[in-house]
Amino acid sequence: MTFATLPTARWFALLALPVAIGFSGQAISQEQTANAVFAGGCFWCVEQAYDKVEGVIATTSGFSGGHVENPSYDQVVAGGTGHIEAVEVEYDPEAVDYETLLHVFWRNIDPFAENRQFCDAGESYRSALFPMNDEQRALAEASRDTVAERFDREIATEIKDFEAFYPAEDHHQDYYTKNPARYNFYKSACGRVDRLEEVWGEEAGGV
């Protein structure tokens, strides 16, 4: 996979090397937290959406849903691994529940788009939910039914059993905070904000 084969907006966003990523410690122990995995197109944008949610502790860009162990970004975007760009969300269930995270998810995607989200086309950019247990699956299915009923349209978003999540390379983590100018150019050129407002109106963004 080369820059030349990436969507035009993302190619420009990746022209310069990002800086190294740092991670800060969390006061809440992992035993008190929960995890959820969401795929909504560009994982940079999904990270930004969830970082705004009170009760979310950390977000990690990566891949899920495929058959290749620990794939690289280039492998996934080139196709053939079965993976989807996704974000793992670590959250405090005492502060925010999975239903709220689902509410945010839907309002940050185009639920009708097949094998793409906004300007990013291809199977690796399709939208999907990866419930990690029976409770999450039931809530995910109920939320999809609610969206389908609201719009009276078929929903393209998949619900897939969670098997594994593989973090992307370090330079993809927190990209929107480390490279704000490039990220904002990409997000604007991709038409994400306009399409979300077209679908969701004032609810776009979900926060």
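Predicted model: local features only at pLDDT ≥ 70, side-chain atom pairs only at ≥ 80, totals over all residues.
Helix 8 spans residues 192-200, and Arg192, Leu196, Val199 and Trp200 are its buried members. Viewed down the helix axis, these buried residues lie within an arc of 75°, and they therefore line one face of helix 8. Such an arrangement accords with helical geometry: an α-helix has 3.6 residues a turn, so residues three or four places apart point the same way. Asp194 and Glu198 are exposed and are carried on the face of helix 8 turned away from the buried side. Just after helix 8, Gly201 adopts a positive phi of about 60°.

Most residues other than glycine have a negative phi. Phe118 belongs to the loop between strand 4 (116-117) and strand 5 (120-121), and is buried, with a relative accessible area of 10%. Asp152 likewise has a positive phi, near 55°, and is placed in the loop between helix 5 and strand 7 (158-159). Asp152 is exposed, its relative accessible area being 70%.

As regards the chain as a whole, the secondary structure consists of eight helices and eight strands. Of its 207 residues, 47% count as buried. Among contacts between residues at least 6 apart in sequence, 78% join residues at least 24 apart. The accessible surface of the chain amounts to about 10200 Å², with 46% of this area belonging to carbon and sulfur atoms.

Conventions:
Residues numbered from 1 in each chain as written. Heavy atoms only, no water. Buried < 20%, exposed > 50% of the residue type's maximum accessible area, 1.4 Å probe, protein only. Helix = DSSP H or I, 4+ residues; strand = E, 2+ residues; numbered from the N terminus. Arc of directions from axis to C-beta. Contact = heavy atoms within 4.5 Å. Areas by Shrake-Rupley, 256 points an atom, 1.4 Å probe, with all protein chains shown as cover.
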